[in-house]
Amino acid sequence: MSIMNNKMNTALALVLGCCLALSAQARDKRDYHEMVYDSGCKSCHDQGTKTYPSDGSCLQCHDVEELVEQTARSEEDKWQNPHNNLHYGKELPCVECHGEHQPKQPMCNNCHTFKFDKHKQ
Amino acid sequence: MSDVNLLGRRNFIKGMGAAAGVAIASPAMAISEKADGVKWDKEVEVLIIGSGFAGLAAAIEATRKGAKDVHIFEKMSYFGGNSAINGGLFAAPGTPMQKQEGVKDSVDRMVADQMKSGRGVADEGLLRHVAEHAVEALQMTMDAGSEYHPYLQQLGGHSVARTYQTTVSCGAGITQPLYKECKRIGVKTHNRSKFEGFIIGEDGKVEGVKMREGYYFKEEDSGKVVYIRAKRGVIAATGGFAQNINLRMAQDPTLTSEVGCTNAPGATGEGMYEMFRIGAIPVHMAHIQSGPWASPDEGGFGYVSNYSIYNFPHSMAINRLTGKRFMNEIADRKTRADAELSCRDEKGEALPPILITSYKHSKKHPNTKKVIKYNVGWKFDTVEELAKHFEVPVKPLKAQIEEYNSYVKSGDDKQFGKNMTKAKDKFIEAPFTVVRLWPKVHYCQGGVQITTKAEVKDSFTGQPIKGLYAAGEVCGGVHGVSRLGSCSIPECMVMGMTAARSVMDA
C-alpha cells in the first residue's frame with residue numbers, strides 16, 4: 001500500500017513538477033487571492049519574481065489600520081492584537097506570520113500559548 | 001494524502017532547481033577588509049548596528065549631541081532586538097521611587113551587590129560608571145514616554161528594592177517609545193540589514209562596514225552587499241549570542257539545543273565575532289546565564305518569568321520529590337538556576353520544581369491573570385489539591401509551609417538565609433497560585449572588552465580600536481560570573497549613551 005502511494009506520489013510530482021518548471025514559480029495559493037494571480041506574479045513580487053515581495057507589498061491592498069481593528073482584543077488583552085502588538089506595534093512585516101505559498105505560524109507562538117483561531121497561515 | 005503529495009512535490013522542486021543549475025546557496029564569507037580601494041556606496045555620520053536598548057539609546061544621545069545623520073541597521077525585519085521581548089526591569093540607585101518608599105540606596109551599594117554576584121571577576125569600574133548614570137538613563141526612557149509600575153521590586157541578589165518595571169512588564173515598554181523617539185528626531189532606521197564585517201583603514205581605524213541590505217534572516221545569500229563609510233564612528237550594539245547553539249556550546253557544552261532559551265531568534269553573536277576578528281579582547285565567554293524564573297510550560301520568556309520575578313520574594317520554591325524548599329528564592333540567578341537543575345526524580349529525570357504564592361499577593365502583578373488564563377500557571381484552594389496536582393508529598397509540604405511562615409513572622413529564614421524584608425506579613429496561605437520552574441539560557445556575560453568610554457580594546461596593543469565603540473550585551477566582563485536581574489537595561493542604556501558621547505567627542 002505504501003509503495004503504491006509512493007509511486008503515485010512520484011508520478012504526481014513528476015507531472016506537477018513539469019508544469020511548475022514551465023510556469024516557473026506557481027505554488028500553493030490562497031483561493032481568495034485568485035484575482036491577484038490573474039494580474040501576474042509581479043503584482044505582489046514587486047522586487048522581481050526571483051526574490052521576496054517587499055515588506056510593503058501586501059499593503060497595496062490591505063490596510064494596517066483596518067487589520068488592527070479586525071483583530072482588536074479586549075482592553076485587558078489589547079496588546080495581544082497581532083496587528084498592533086506589545087513588542088513591535090503595527091510594524092511587523094506580514095510575512096513574519098503569513099505565507100502565501102507556504103503555511104506559517106504566528107510569531108507569538110515562539111513564547112506564548114495564545115490561540116489565534118482565525119489565523120490565516 | 002494531500003500532505004504527502006505536498007511534501008513530494010516540494011522535494012521534487014528542490015531537485016529540479018539543482019538539476020537545472022539554479023544557483024545554490026553557499027555560506028557568505030563575512031570578512032573584514034582593508035579600506036584601501038573600497039568603493040563606498042554610502043556615507044553616514046554615525047553608524048549603529050543593532051536596535052535594542054543600547055542602539056536606540058546611542059542614536060538618541062548622538063542626535064542630542066548634535067549628530068545630523070544617524071543610522072541604525074537591524075538585521076531582522078523588525079526593530080528592538082532581544083530588548084523588545086525582555087522583562088522591562090530597570091535597576092537604579094537613588095531614584096525618586098526609592099525616596100518615596102524610604103529605601104536607602106547608593107551607587108556604592110548597587111555596585112557592591114553586583115560585585116558579589118560577579119564572584120570576584122566583575123568589572124567594578126564599568127559597574128560604577130553604569131550605576132552612576134543609571135538614573136539619567138531611566139530619565140531618557142521616561143522622556144521618550146516609558147511608563148513604570150508605581151512600585152519597586154527587590155530582585156534576587158539585590159540588597160534593597162531598586163528595580164522599576166514598565167507597566168507592560170516588558171522591555172517593549174522601553175524599545176517602542178525609544179524607537180518612536182528615534183523616528184521623531186530624524187534617526188534613519190534600516191531593517192533587514194545584516195552587518196558582515198568591518199572595513200579597516202591604514203592606521204587600524206574602523207572606517208566603515210560591509211552591510212547586506214534586503215537580508216532575510218537565515219538566508220545568508222539574500223539581498224545585496226554594500227559598503228558604508230562611517231564618518232564619525234561605528235557603534236556595535238549587536239547583543240548576545242544565546243540563540244547560537246554552536247557558539248554557546250563551544251563555551252558550555254551543556255547548553256545544547258534541548259535547553260530552552262528566552263532570547264529573540266536574532267541573538268546569534270556575529271557582530272561580536274567580527275569584533276574579535278579585528279582584534280577585540282574576548283572576556284568571560286563561558287559565563288552564560290540561565291534564568292531561574294522561566295517556565296517549561298511556555299516558550300522563551302513568556303508570561304511566567306515576570307510572574308516569578310515579582311513573586312519570588314514572598315513565595316516558596318518547592319522540590320516536588322521532597323515537598324521541601326531547596327533554595328533561597330531571591331539568591332542570585334546562578335545560585336537558583338543550579339539549585340533548580342538539581343531537582344530530579346528517582347531516575348534522575350528533570351522534575352521542574354514549583355513556586356507557591358498566596359493568591360492575594362500574586363494577584364497584585366498583572367501577569368498573574370495571564371499565567372492562569374493561558375494555562376501556564378494554576379490556582380488552588382487547598383494544599384491537598386495543589387499537592388495532588390503536582391504529585392508532591394502533602395505531609396512534608398504542609399510542614400514546610402508552617403516552617404516557612406514562622407520565618408515570615410520572625411524575619412529570619414533559618415533554612416536558606418533569604419532576605420525576608422519583602423516577605424514581611426506575607427504568609428503562605430490558601431488560595432495559592434503555582435507555576436513550574438526550569439532554567440532557560442538567558443544572558444551572555446561574555447563579549448568584547450570595553451572601557452568606561454565604550455571603546456573596544458585591542459588584544460595586541462591594549463589600546464582602543466579607533467572608530468569603534470560597543471555597548472550592551474555584546475560587551476563582556478562587566479558583570480562577572482552572574483549578572484543580577486534588572487542590571488542589563490541600565491547597562492545597555494548607559495553604555496549606548498556613553499558610546500554616542502564618545503563618538504561625538506572623538
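Quick housekeeping. This is a predicted model, so keep in mind that local features need pLDDT of at least 70 and side-chain atom pairs count only at pLDDT 80 or more, while totals for chains, interfaces and linings use all residues. Residues are numbered from 1 along each chain as its sequence is written, and chains are lettered from A and ligands numbered from 1 in the order in which they are written.

How much of chain B is buried? Buried residues make up 54% of the 506. Buried here means 20 or more other C-beta atoms within 10 Å of the residue's own, exposed means 12 or fewer, and partly exposed is in between, with C-beta atoms placed from the backbone. As for contacts, which need C-beta atoms, placed from the backbone, within 7 Å: among those between residues at least 6 apart in sequence, 76% join residues at least 24 apart.

Now the domains. Domain 1 of chain B covers 30-291 + 442-506, and domain 2 covers 293-438; the bounds come from an automatic or database domain assignment. The C-alpha centres of these two domains lie 33 Å apart. At the interface, 20 residues of domain 1 are in contact with 20 residues of domain 2. Which element gives the most to the domain 1 side? That's strand 11, residues 288-291, with three residues. By class, the domain 1 side that touches domain 2 has six nonpolar, 14 polar and no charged residues. For the record, Ala, Val, Leu, Ile, Met, Phe, Trp, Tyr, Cys and Pro count as nonpolar, Asp, Glu, Lys and Arg as charged, and the others, Gly among them, as polar.

On to strand 2 of chain B, residues 42-49. Strands pair if DSSP finds at least two bridges between them. Strand 2 runs parallel to strand 9 (residues 224-236), with seven bridges, and parallel to strand 3 (residues 70-73), with four. Follow Ile48(B): its bridge partner in strand 9 is Ile235(B), and in strand 3 Ile48(B) stands opposite Ile72(B). Between strand 2 and strand 3 the chain goes through helix 2 (residues 53-64), and this β-α-β crossover is right-handed. In other words, with the strands pointing away from you, the path from the first strand over the helix to the second runs clockwise.

There's also an antiparallel one: five strands of chain B in an open sheet, ordered 13-12-14-16-15. Strand 13 (324-325) and strand 15 (378-380) stand at the edges, each with a single partner strand, so one side of each is left without a neighbour in the sheet. Strand 15 is joined to strand 16 (residues 432-436) by three bridges, and Trp378(B) stands opposite Val434(B) there. In the loop between helix 14 (394-410) and strand 16 sits Pro431(B), and the peptide bond from Ala430(B) to Pro431(B) is cis, with omega near -5 degrees.

Last, some individual residues. Gln114(B) lies in helix 4, residues 107-117. Is Gln114(B) buried or exposed? It's buried, with 29 other C-beta atoms within 10 Å. Gln114(B) touches residues including Ala122(B), His479(B) and Cys487(B).

Arg119(B), in the loop between helix 4 and helix 5 (124-144), has a positive phi of about 50 degrees although it is not a glycine. Arg119(B) is partly exposed, with 13 other C-beta atoms within 10 Å. Asn375(B) also has a positive phi, near 65 degrees, and with 10 C-beta neighbours inside 10 Å, Asn375(B) counts as exposed.

That's my tour, over to you.

Notes. Contact = placed C-beta atoms within 7 Å. Helix = DSSP H or I, 4+ residues; strand = E, 2+ residues; numbered from the N terminus. Lists of a residue's contacts leave out its neighbours within four places in sequence.
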